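The structure is shown first.

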Amino acid sequence: MSENVWQRFRQRLMEGNDQDQYLQDWAILRQVTLLPLEEARVLLKQKVATENMSDAAYEHFRKAMILVSAAYFHRAGLVGISDLGEWQKRYSAYLAGTDPEAKQYETFLSLRLEIDKVREAPQQAAPFSPDELRLGQACSELFSKLAVPLNTGPGLASQALIDELESLITQYESLLEEADPANRARRQALDAIAEAQYAAGRISLILRDYDQARRWFQESAESFGRLGDQFGLQLCRRQLSSIHILSTGDADAELRAALETLTREQVPVGSLDRAQAIVSQISQTVKAGDWFAVKRLIEEAVRELERQGYPNDEEQSPDEALKSWIESVPGDLRGNDFLYRLSQVVQLYAGIWGARASLSEAGADERLAGIRSLVHQLDLESLQADDDLQRRFASASARPLAATQAVAAGI
Amino acid sequence: MSWPPLGFDLSLSANLKRTKEEEERAQQHLLAIDRDLNTLRDERKKRVSKKLPLEDLLPRVEQLITAAQKLNRPTSEAWAALLLAEILLDTCKPADALARLTTARAAWAAAIQKQQAPERSIDFQFLERMARAHLLMENYAAVSAVCGEAIEKTEVDRYKTSAPYLQSAFLKDRASLYKHGIGAAYKLRDYETMLARAELAKARSLLRYSPENTSKAPDSDLEQRFRDLCDEIRDKDPSGSANPDSLEGLRSLLEERRRIWDLLLIGRPRLEGDNAARPPAFSMQQVRNALEADEAILYYYGLDDGVLFVSYIDREQLLVEPVKVSADGQQSLRDVLIGVQYPGDMGETEKPKFDRAIQDSSYLLPDAFRPLMEVKRRLLISPHQKLHLFPFHALPWKKGFLIEDLAVSYIPNLTILQAPRRLPRKPRILLASGGPYDRVLHLTQLAETGLEVEGAAEAYRRKGIETDLVCGAPLTRKLLHDWSDSGRLAGYSSIHLATHGESVFANENLNTPMESRVFLTAAALDGLEISRLRLDADLIVLSACNSGQRAIRGRGMEELPGDELFGLQAAFAMAGARSVLGCLWPVDDSLARDIMVRFHRHRAESLAPEVALKQATVDHLQSGSSRFCRNWAPFFLSIVGS
């Protein structure tokens, strides 16, 4: 697989990421501040105009401006200076000094003072209180411990991991008990609890402990429900439905769900629900041993995936096919949503090739192994992408207006 | 949901990467075990086919078992133990195999203790090999016990699948244990258990629904969508014979209609209300009680190795005869089946050969049963697998054919007789004929079908029986649907349709037998559409080529493991018919007219359908008509509902 494909993968994965967005915002500010002030005003007005920048993006852009201010306050030695005279003296010295971005910073400060005239500030939430910052920090520290069990797959699943998750959930709950109900950082803890409960359910499922899995998914569904997280809630419901089918052996229930999607629901454009339903039907027919139907459904599933822009070119290896899959993921799916969609495509093809392997089709086992390895590669590349972004962010955040920033932002 | 948040901290990413890599290594170990297991399975197969020694494979399989144990992978361990047992059975060490299977099955059971839904497929594999081990040791009581356990477990899950084709395929990998169980029960002379097990492998799905339930629409929106799709499909392809890929959108319409049909069946209320309810259990006593003194049953069940169990049942006795079918016997049976599936007119030189093949299959009536049958007047035959295509009624008997002496009808299984017999309804007859056919259907015009139904109508009307006649152009799909919706169709006790029919073996029908068709004047009507009509008929008469055929193979299977009913018979049964008189092969329309008019004259005299068919055949043969079976014997009567 060419590096270009993975590069594109990483780029798509990071599009819309908070830090990536800062890098993009800083790139705009650098471009603007390189111009004389009058021209800078014109360009800034154009860049932040409502037709070019959404409200959310504009809000983010203003935060990026705050970070620029903070970074150059440090460089100019202005941090903690409350005396206006002293401040003015140091600032003038900085402008007359050797910092290559000093002139840009001067332009930047002028623009920052005028920004509300260029475009009105969106409704802003109040800044975080010290309590909120403390709770956020505590949650972040706990998350370092939570991340590994959250990401555990079949090879390393164990009851010990579930116990660890349970203990972390208790710690998050203790933090919540101590926090004021209005503390906005509570959401961070609630998110983590819902995710940890979901992960405990998933690991229980790998360990085939369906009772325990059911309990965790139910708790997770309640947590997601309280957060108003429809996506998480839907995932839990799917898992609970699968467990119900597993524990009752009610094959009709599973088939009915798939058939209803395929015949009744208006499947939104760009959705993989239909492909998912066909692959679920394939799984039913494989279990029953109706090989004739399996073959027919495999063709239909591939046709559906191709219709959605995810072709299965058998002449190519799975990782080569990935190139077109990356481009087919709708632009509004960003970050983890992008990764989720891509993983979904890979899983669907894994289901298709698994069925082909059951039919003893030549080469199906190898293709299936290739897809399994692709799943692993996606995980590693996404971590790599995250590493890269953080390095670029760390490097750029010290001098957001510097020329190196353009490189960091990938421009 | 976007979690875990990217860009958290660098050390976390590194940790995660390590975890992922560790995970991948563990997965690779598992994949390696699975790969080695597949390699050894292939190697075993190859050596068995070439009769090469297998012993050196045993230590390699043992290594895999140990590796799986170390990684705590009970599923891989179970599959490896199963392979080990397979090799021990291949090398005639059944006691060793049994010991290993017992241990491994216990380990597997312990490993999956927490599961509410144990993976029965693996447990089933253990039981299958244990049964074979006991069989090699000729311990039939143990074979019967093991198979009994496996059958019981299978039956628990089997009825949780309602989609007909899926349900039919369900026994595919499990049929061998039913057969072993039946064979073992026979060896133990436990004939009732033998029949009870055989019943489980004979058209069980037919027993799942009550006819009353079929007359209710479970979901009117879905029903309407189904009807609309039928219309769209027939608008595109009136004859139903186009290649689905040759007309834009046809394939997807057909596929969607199949899905909705499955949904309608999944939503259909079952006999006992409970979603997992099983069809009624078999009771020998109830079956016997249902028989009249002049009735007997011949019940067939075929094993894989050319052995056929034939049972004779009447009110007093149950006798079982195993028939070892010789190579010649198998050949004559094959010849009959080829003849039955012969499309179109059979040449005059072929007809005697077909008759000879039927005569040479006389072993299907064991000598031991003949004296008992001679004192009966009615015979119910329950064939199995490919015997569903055999015209038993045309077997030589005394100096003629069986049907000349006994009124013959066919039953899918014994259990169908257990329900209390309904009182005959007040007769109200619908007689319909297709044609003249629209050119778009590309069909030969049938000169006699109109005369056939007019002749039948005259017989009923002469007796004052209410009779409706619909011939030619007025017979449309819309008319049938309107009459179905208004309840008029359900008002007929008997419906006769004389037209063109299509074989379940023709083209795509082999894989979609429920889409076999009969033809109206301007469009085809297939099994899926027929199955959604609302009937309440004691009898459907299909005077149409091949219309009584039922699928015995297809969908990639050499035989349908559950012996389920697929084809037009099944469609009418689902719609609410209790018996179907159809044709086993193509029939000449003038011959059909002669036999059918005679049949209806006897029906008008209140004779039961099987007796009327017997009498009509006798009259036809005595009128000097050809005695070639191909000419007179296509018609047969099947009971498909209670």
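Helices and strands here are DSSP runs, numbered from the N terminus, with at least four residues (H or I) for a helix and at least two (E) for a strand. On that basis Pro436(B) is placed in the loop between β8 and α18 of chain B. The model is a predicted one.

**Backbone features of chain B**

Gly435(B) and Pro436(B) are joined by a cis peptide bond, with omega at about 0 degrees. His442(B) is also found in the loop between β8 (428-433) and α18 (449-462) of chain B. Most residues other than glycine have a negative phi, and most peptide bonds are trans. His442(B), although not a glycine, has a positive phi of about 55 degrees. Gln385(B) is not a glycine either, and its phi is positive at about 50 degrees. Gln385(B) lies in the loop between β4 (378-382) and β5 (396-397) of chain B.

Which of these residues is exposed, with a relative accessible area of 68%? That residue is His442(B). Gln385(B), at 8% relative accessibility, counts as buried, because the cut-off for buried is under 20%. A polar atom of the His442(B) side chain lies 3.5 Å from the backbone oxygen of Val440(B). Between His442(B) and Ser606(B) the C-alpha to C-alpha distance is 39 Å, and the two are 164 residues apart in sequence.

**Arg477(B) and its surroundings**

Arg477(B) belongs to helix α19 (residues 477-486) of chain B. With a relative accessibility of 11%, Arg477(B) counts as buried. Its side chain makes a polar contact of 2.8 Å with the side chain of Asp231(B). Leaving out residues up to four places away in sequence, Arg477(B) touches Cys230(B), Asp231(B), Arg234(B), Leu520(B), Ala523(B), Ala524(B), Leu525(B) and Glu529(B).

**Helix α9 of chain B**

Helix α9 (residues 191-200) of chain B is largely enclosed by the rest of the structure, because 7 of its 10 residues are buried. The buried residues of α9(B) are Tyr191(B), Met194(B), Leu195(B), Arg197(B), Ala198(B), Glu199(B) and Leu200(B). They pack against the helices α6 (140-158), α8 (175-187) and α13 (284-290) and the strands β1 (295-302), β2 (307-313) and β3 (318-324) of chain B.

**Helix pairs in chain A**

Two packed helices are described by the angle between their axes and the distance between the axes. The table lists both values for two pairs.

| Helix pair | Axes come within | Crossing angle |
|---|---|---|
| α10(A) (residues 210-227) and α11(A) (residues 230-248) | 9 Å | roughly 155 degrees |
| α5(A) (residues 84-96) and α6(A) (residues 102-118) | 8 Å | roughly 130 degrees |

The axes of α10(A) and α11(A) cross at roughly 155 degrees, which makes the two helices roughly antiparallel. The crossing of α10(A) past α11(A) is left-handed. Residues of α10(A) in this contact include Tyr210(A), Phe217(A) and Phe224(A), and those of α11(A) include Leu233(A), Leu240(A) and Ile243(A). By class, the residues of the contact are 10 nonpolar, 6 polar and 1 charged.

For α5(A) and α6(A), the axes cross at roughly 130 degrees, and the helices are therefore oblique to each other. From α5(A), Tyr91(A), Tyr94(A) and Leu95(A) make the contact, and from α6(A), Ala102(A), Tyr105(A), Glu106(A) and Leu109(A). The contact of α5(A) with α6(A) has 6 nonpolar residues, no polar ones and 1 charged.

Note on methods. Residues numbered from 1 in each chain as written. Chains lettered and ligands numbered in written order. Predicted model: local features only at pLDDT ≥ 70, side-chain atom pairs only at ≥ 80, totals over all residues. Heavy atoms only, no water. Axes fitted to C-alpha atoms, helices over the stretch in contact; angles between N-to-C directions. Parallel < 35°, antiparallel > 145°, perpendicular 65-115°, else oblique. Left-handed = near helix turned anticlockwise from the far one by under 90°. Contact = heavy atoms within 4.5 Å. Nonpolar A, V, L, I, M, F, W, Y, C, P; charged D, E, K, R; others polar. Buried < 20%, exposed > 50% of the residue type's maximum accessible area, 1.4 Å probe, protein only. Polar contact = N/O pair within 3.5 Å; in protein donor to acceptor, adjacent residues only side chain to side chain.
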